[in-house]
Every structure is written in C-alpha cells, then in structure tokens.
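Grab a pencil and work through these exercises with the model open beside you. Try each task before you read its solution.

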Amino acid sequence: MLVITDKKLYAEKIDAEIVIVSGIKDLEKYSGNGDVKVICGSRAMAVAVNKMAFPSLKLFQLTSAGFDSVPLEDYANKNVAVANAGNVYSTPIAETVVFGILQFAKRLRKNPNNRLFKITRGYRLISELKDKKILIMGAGNIGTAIAQRLSGFEMIIDGYDPYCEDKKQYEKIIRSREELKACINDYDYIVSTLPHNEQTEGFINAELFSFMKNTVVIVNVGRKAVFNEADFYSALKNKAVGGAVLDMFEKLPNPVTNKFRRLKNVIVWPGVSAISKELDVRLRKHMTNNTVAALNGEKIANVINGVQ
C-alpha cells in the first residue's frame, strides 16, 4: 500500500509506505499505480489527481479547511472520500480576528507611539467591545471559534449561514440575503469567513454596503472573491463603512502595489491569520488519523463529499 503526501505524517502510526512529493509533477509519476490508497495535499493537487488514474484510491485528504475548486462530485462518483482539515485552523484565525477588532476598538493603529504620553492622543475615541454587536458570516468551525472567543468580551454575536444548524454561540442565525439586508445596519463589526463558491462570489457588494452603518468595521479572513472588490474599495475610500482588517487576498504574497494598502482606514495583513507553529502539529495529527482510518476501513473525519 502507498500513501502519497506533500506534508509529513506520523509514519510510525501508518502501516503503509509513505511517499513525500514536492508537487504535482512528482505526483504524476504515480498515476495508474493501483497501490496508492491515500493522497494528502492541496486543493490544486486534488484538482490534478481527479484527472489522473488511481484505481484503488480511498481518500484524498486536503491540507486546507477550504475546498473551493475541488471536484467533490467527481470524487464521489469514483467512491473516493474527500476530507478537509476540519477545525485545525480555527484557533489561529479566531485569535487573529480578535486582535484585529481590538486594534480598531483601542485605536492602536492610530497611536504608533504608545510608549509616549500625549494628552492630545484622542483617548475619548477608544471604545469597549462589551455590548457591541457583531455578525460572523460563515458559522462553521472557524466562525464558531471566533464567536467562542468574543463571547468573553460580552459582545452580542449573530451569525449568517444559510446551511448550518443553530448553535449556542450565536444569539441568532440569519439565513437569507433579504433577512441580512433588513438587519445588517445593526452591527458594529462584521467578520467574513465565507468560502468562495457560486453562491458567495461577489456576495458582499454595493447593495449590502449601502445598508451597513458608516462606522462598521469589516474583518475578512475568508475568501477575497466574496467581496466585490470595486464596491469594497469605494465603500472604504468614501467612508461609507468605517474600516477594514484584510488578511485574505487572491495573490499572495500581497503586492505592495495593492490599492487597499493606501487607505488610512484599512489594516492589511500578509495572509497570516491561519499560521501558527502549533497548527502544524494539529494538521499532521489530523491527516495521520484520517489516513489510518481510510487504510483500516474505519470512519474518516471531516468528509465533505458524503463518501465513507
């Protein structure tokens, strides 16, 4: 039996030969090999594998939580399970969101010389998170982890998600765009963890911005394509919304020429919300456990295409 992966696994727990590949070119050498049972890799690798021949493949284990562009139905038709990384990335992303919100609330970005005493620094503009209303768009693993952490600040936390079940971390779950338009003006903060798919592409656009408070702070740790870029830039530049914390861009590393960098009410991060030294251990453990389960015919965690 063969397991092909682009990341290290706990080899001592896996009763199979493990092959570490550096990319799709390396993987192509194994196309047609009937000994390959599990492949672990990126979304791009999942797309490529779907076009190759792996007659005995049982599992494609994604290294990401997101699965946009992965041909899930094709894998299901081949009776191959596809699993994502589950909640592996939830902790670093949630902590980064809290950090971004606090930067705005405590006006840290406006006060680079905090070590100096300045009576004119504008302390009266510093605000609390207590009793502020926040909408988390995408109430899955990452959204829920964010809600759990912000609940300690006694915020009023709602979620937007057409698909998830009601969860105790949210005061309410909004399920439609019409309902969203009717209440989005209530929120002081809006966080997007939404994935990119046909339903979400350009979902947050000029229409939605027109219903928001002009003081709202928007944090994006989901896919950039969820926002209509021209509308978002215009809303920020014209102060139709208060500000934004942006960590996700389609092109990484984010070029210095990115126009959002030039806006004074925007904090731009270099795509680091999902990074921590601790998550490498969690991801490796999750991938190893699922590989063992697939090889032994046991239940696989976080399957996203309905195949077990």
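**Exercise 1.** Is Glu 178 buried or exposed?

*Solution.* Start with the cut-offs: buried means under 20% relative accessible area, exposed over 50%, and partly exposed in between, using a 1.4 Å probe and protein chains only. Glu 178 has 55% relative accessibility, so it counts as exposed. Before you go on, know that this is a predicted model, in which local features need pLDDT of at least 70 and side-chain atom pairs count only at pLDDT 80 or more, while totals for chains, interfaces and linings use all residues. Residues are numbered from 1 along each chain as its sequence is written, and side-chain values use heavy atoms, with hydrogens and water left out.

**Exercise 2.** Which residue forms a salt bridge with Glu 178, and which residues share one network with it?

*Solution.* Step one is the rule: a salt bridge is a side-chain nitrogen of Lys or Arg within 4 Å of a carboxyl oxygen of Asp or Glu. Side chains of opposite charge can pair when their charged atoms come close.

Step two is the partner. Lys 181 forms a salt bridge with Glu 178, and their closest N and O atoms are 3.0 Å apart. The two residues sit three apart in helix α6 (residues 177-183), so about one helical turn separates them. Helices here are DSSP runs of H or I with at least four residues, strands are runs of E with at least two, and both are numbered from the N terminus. An α-helix has 3.6 residues a turn, so residues three or four places apart point the same way. Lys 181 counts as buried because its relative accessibility is 15%.

Step three is the network. Salt bridges that share partners join Arg 177, Glu 178, Lys 181 and Glu 207. Glu 207 belongs to helix α7 and, at 33% relative accessibility, counts as partly exposed. Leaving aside residues up to four places away in sequence, Glu 207 touches Arg 177 and Lys 181; a contact means heavy atoms within 4.5 Å.

**Exercise 3.** In what order do the five strands of the open sheet stand, and which strands are at the edges?

*Solution.* Two strands pair if DSSP finds at least two bridges between them. Follow the pairs and you get β2-β1-β3-β4-β5, with parallel pairing. β2 (17-20) and β5 (81-83) are at the edges with a single partner strand each, so one side of each has no neighbour in the sheet. Now zoom in on one pair: β1 (residues 2-5) runs parallel to β2, and four bridges join them. Leu 2 stands opposite Glu 17 in β2.

**Exercise 4.** What are the partners of strand β10, and what hand do its crossovers have?

*Solution.* Take one partner at a time. Four bridges join β9 to β10, and the two run parallel, with Val 191 opposite Val 219 in β10. Between them the chain passes through helix α7 (residues 206-211), and this β-α-β crossover is right-handed. Right-handed means that, with the strands pointing away from the viewer, the path from the first strand over the helix to the second runs clockwise.

Next comes β11 (residues 243-246), which pairs with β10 in the parallel sense over four bridges. Val 217 stands opposite Gly 243 there. β10, helix α8 (residues 229-237) and β11 make a right-handed β-α-β unit.

Finally, check the faces of β10 (residues 217-220): Val 217 and Val 219 on one side, and Ile 218 and Asn 220 on the other, are all buried.
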